[in-house]
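Please read these points with the model open beside you.

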There are 2 protein chains.
Amino acid sequence: MGGMARNEERRTALADAGIRVLAEEGARGLTHRAVDAAAGTPRGTASNYFPTRDDLISALVGRIGERLTPEPEAVSSRSARPPDRELFADYLRDVVRRLGIDPHVSLALFELRLEAGRRPAVAKALGAWRQGAFREDVAFNEDSGLPGGQTEIALFHYAIDGLMLDHLTAPIDTGLSVDAAIDEFVDRILR
Amino acid sequence: MGGMARNEERRTALADAGIRVLAEEGARGLTHRAVDAAAGTPRGTASNYFPTRDDLISALVGRIGERLTPEPEAVSSRSARPPDRELFADYLRDVVRRLGIDPHVSLALFELRLEAGRRPAVAKALGAWRQGAFREDVAFNEDSGLPGGQTEIALFHYAIDGLMLDHLTAPIDTGLSVDAAIDEFVDRILR
């Protein structure tokens, strides 16, 4: 393996360590030193790769995006099915499943969203990525003929954020499992 | 004013300062020293009132609850109206309006929810309060004959959490204003 590939691998490992720090310590715990400690790299490594805190945060946003991208097979295995509400519900359940099995990513994202309210540079990096993801979701439904346009996708974004925030922190008993809540939202938002 | 009332007033001022610290600095910034600095009280005052960090957090949860309680007039002025979906939508809009004009409280609550995922003592204090508030909301609808039972109230909790998290941090453009999103949720969740 050449130096380029090794560099890329280390970059990714550092970003993953940063995601862990964000999830476990909160946004204020995110320092270059904490990232080095979590990655097990010599002090100074994280600053070497990401000179400023904003560089570090941009790298984390990028890596969060990668870790949230569905496996190509998850999309291609479904693309032969009729684009009905059941298929849409399936995609949603897949998103929620990925958020649930990788809770550090979801928690890091919640931390960054709160940090975005405090720091314009974070708002900019995160906002551009979230806005892009929202537009892609709307375009995906439109292109595949799935039910749910921009308004419905917006409602699902809000609903699933709230559901996952509850589920991944200290859930209260509402009588609904995550899957049941998704089904209820699909039933009601896609009328 | 006697000493008791003065003590109570100072307790409240310290809790309000703690809410400000949580919203502005995040959960990790919440220390007794930061609360004293934000309240403008001599160092040691916050520790005097709330000896441990868990005492401090319990006090913050209590104060957040107070600040989120609707004015009695907001309830009594509506109680003569027929308990239909329009009245329910009105109550929801009132909740969201209160969350929006007091963003520190909402942001502090989001910070505590993330902290609850990390610290069992926070999960306990916050969970008890959130669970109680959820049960009260369900009972309120039932007692007043308003539409929406436990399932619907659960869905509204998730939906409004996600909506406010977006609105109070770095909102993306979904094409929906907060009020429009509420109307859409009411239309769809209360079928």
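1. For sorting residues, Ala, Val, Leu, Ile, Met, Phe, Trp, Tyr, Cys and Pro count as nonpolar, Asp, Glu, Lys and Arg as charged, and the others, Gly among them, as polar. By that scheme the lining of the largest cavity has 2 nonpolar, 2 polar and 8 charged residues.

2. This is a predicted model, in which local features need pLDDT of at least 70 and side-chain atom pairs count only at pLDDT 80 or more, while totals for chains, interfaces and linings use all residues. Residues are numbered from 1 along each chain as its sequence is written, chains are lettered from A and ligands numbered from 1 in the order in which they are written, and side-chain values use heavy atoms, without hydrogens and water.

3. The same surface serves both copies, as 100% of the contact residues of chain A recur in chain B (contact means heavy atoms within 4.5 Å).

4. Which residues line the largest cavity? They are A:Glu25, A:Gly26, A:Ala27, A:Arg28, A:Glu111, A:Arg118, B:Glu25, B:Gly26, B:Ala27, B:Arg28, B:Glu111 and B:Arg118 (lining residues have an atom within 4 Å of a cavity point, on a 1 Å grid over the protein atoms alone, where a 1.4 Å probe fits but cannot get out).

5. A:Arg188 is buried, at 5% relative accessible area (buried means under 20%, with a 1.4 Å probe and protein chains only). Leaving aside neighbours within four places in sequence, A:Arg188 has contacts that include B:Glu152, B:Arg188 and B:Ile189.

Definitions and conventions: 1 Å grid on protein atoms, 1.4 Å probe; cavity = no way out; pocket = protein on both sides within 12 Å on 5 of 7 lines; lining within 4 Å. Buried < 20%, exposed > 50% of the residue type's maximum accessible area, 1.4 Å probe, protein only.
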